[in-house]
Every structure is written in C-alpha cells, then in structure tokens.
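Please look over the sequence and the structure before reading on.

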Amino acid sequence: MDNLNELKAIWKTAKTDTLPISREMLRLVKRYRNKKLRNKLRLIAGCFLLIIFFVCAWFYNRPHFISTSIGMLMTTGAVIILAITNIRSIGRFIKLNDCSNKDFISFLEQTRRNQLFYHQKTQVFGILLASAGFLLYIFEFVYQSILLSVIFYTSGITYIAFVWFYLRLVKYKKQTAELNNIIEKLERMSYQIL
C-alpha cells in the first residue's frame with residue numbers, strides 16, 4: 001500500500017508545465033491550416049492576376065520579336081506551374097479539418113516530403129523557366145542601346161541570383177524550421193497521452 005501512496009505523490013508532483021494542453025494543440029492545428037490555406041489562396045489569386053496582366057499586355061502591346069513572345073510564354077508557364085501546384089495542395093489542407101494528433105503528424109510528414117520535392121524540383125524548374133522568359137522578354141526593349149542592355153541584364157541577373165542563392169534558401173529553411181517545430185510539439189503531446 002505504501003507503494004501506491006508513493007506513486008500518487010509522484011503523480012501529483014510531476015511537472016507538466018512544459019507540455020502543451022490539448023486545446024493548445026487544436027488551436028495550433030487550426031492556426032497552421034488556416035494560415036497555409038490563406039497563403040495558398042492569395043498566391044493563386046496573384047497568379048491569376050499575373051496571367052491576366054500578361055495576356056492583356058500581349059494584346060495591348062504586340063511584340064515585334066519572337067523572343068518577346070517566347071519570353072512571355074515562358075514566364076506565363078512558370079506562373080501557371082506555381083498556380084497548379086498550389087491548387088493541388090489546397091485539397092490536402094481542406095481535408096485536414098478534424099484529425100487526431102497522429103493523423104496531423106502524418107499530414108505534416110507528407111507536407112515535409114512535398115516541400116522537399118517542391119524545393120528541389122518544381123521550384124528549380126519554375127525559377128529557371130521564369131528567369132529565361134524574363135531575359136528573353138526584355139531583349140526587344142533594350143537591344144538598340146548597349147547601355148540599357150547592360151543595365152537591365154545586369155539588374156535582372158543580379159535579382160535572379162539573389163532569388164536563387166539567398167531568398168529561395170532562406171524561405172525553405174524558415175518553412176522547414178516551422179514544420180519541425182510543429183511536429184515536435186505534436187509528438188510531445190502524443191507522448192504525454194501515452
């Protein structure tokens with residue numbers, strides 16, 4: 001009987017302050033889901049506006065060089081790829097409405113795999129397509145002036161390098177850290193229940 005009293009005393013004195021409570025976890029899941037849905041919907045809306053802008057610009061200002069048309073098509077293709085990948089992932093987030101910790105952890109693991117694939121394959125192809133399209137597109141406007149060509153191509157290549165070597169990597173590391181943090185919190189919660 002003495003052992004039972006000792007167990008009760010240990011049970012009552014156990015520190016659980018650092019462990020999240022279930023309401024906090026539900027709030028975390030909903031906040032994560034709503035934030036991602038909001039970001040994806042904004043991005044898709046921006047893509048459609050950009051596509052409409054490209055189509056209007058092409059009809060309003062008919063290009064004289066084929067390189068301008070090819071550049072515009074390549075850039076539009078990159079925007080379409082971005083929109084399609086985000087439209088496809090919205091379905092996963094909508095289905096995430098009510099789920100257990102285990103289901104949410106497996107969802108986040110799948111999100112991590114999708115994020116890695118996007119970073120290594122889709123984003124690389126999209127950035128290359130958009131960059132080449134942009135560089136082809138501006139040729140018509142700067143080909144007569146060497147100074148304008150140097151300024152625009154140097155600025156364009158500098159911006160592309162900034163996006164490729166810095167912005168892309170920082171964004172990926174930030175998203176990965178956020179995802180790892182959420183997975184860690186959920187796993188602690190699952191261990192607390194077990």
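Which residues form one aromatic cluster? In this predicted model, the cluster is formed by Tyr32, Phe93 and Phe107.

## Aromatic pairs

The structure holds 9 aromatic pairs, among them one between Phe53 and Phe54, whose ring centres lie 6.1 Å apart and whose planes make an angle of 50 degrees, a tilted arrangement. Phe53 is exposed, with a relative accessible area of 51%, whereas Phe54, at 15% relative accessibility, is buried. Phe54 counts as buried because its value falls under the 20% limit, while Phe53 counts as exposed because its value is over 50%.

A tilted pair is also formed by Tyr137 and Phe141, with 5.5 Å from centre to centre and 55 degrees between the planes. Tyr137 is partly exposed at 24% relative accessibility, and Phe141, with a relative accessible area of 43%, is partly exposed as well.

## A charge over a ring

Trp164 has Arg168 over the face of its ring, at 4.3 Å from the ring centre.

## The chain as a whole

The protein chain contains 6 helices and 0 strands, so that, under the element definition used here, its order from the N terminus reads α-α-α-α-α-α. Of its 194 residues, 32% are buried, and the chain exposes about 13,600 Å², of which carbon and sulfur atoms supply 67%.

When contacts between residues at least 6 apart in sequence are considered, 82% of them join residues at least 24 apart.

Definitions and conventions: Residues numbered from 1 in each chain as written. Predicted model: local features only at pLDDT ≥ 70, side-chain atom pairs only at ≥ 80, totals over all residues. Heavy atoms only, no water. Helix = DSSP H or I, 4+ residues; strand = E, 2+ residues; numbered from the N terminus. Buried < 20%, exposed > 50% of the residue type's maximum accessible area, 1.4 Å probe, protein only. Contact = heavy atoms within 4.5 Å. Areas by Shrake-Rupley, 256 points an atom, 1.4 Å probe, with all protein chains shown as cover. Phe/Tyr/Trp six-rings, centres within 6.5 Å; stacked < 30°, edge-to-face > 60°. Lys NZ or Arg CZ within 6 Å of the ring centre and 35° of its normal.
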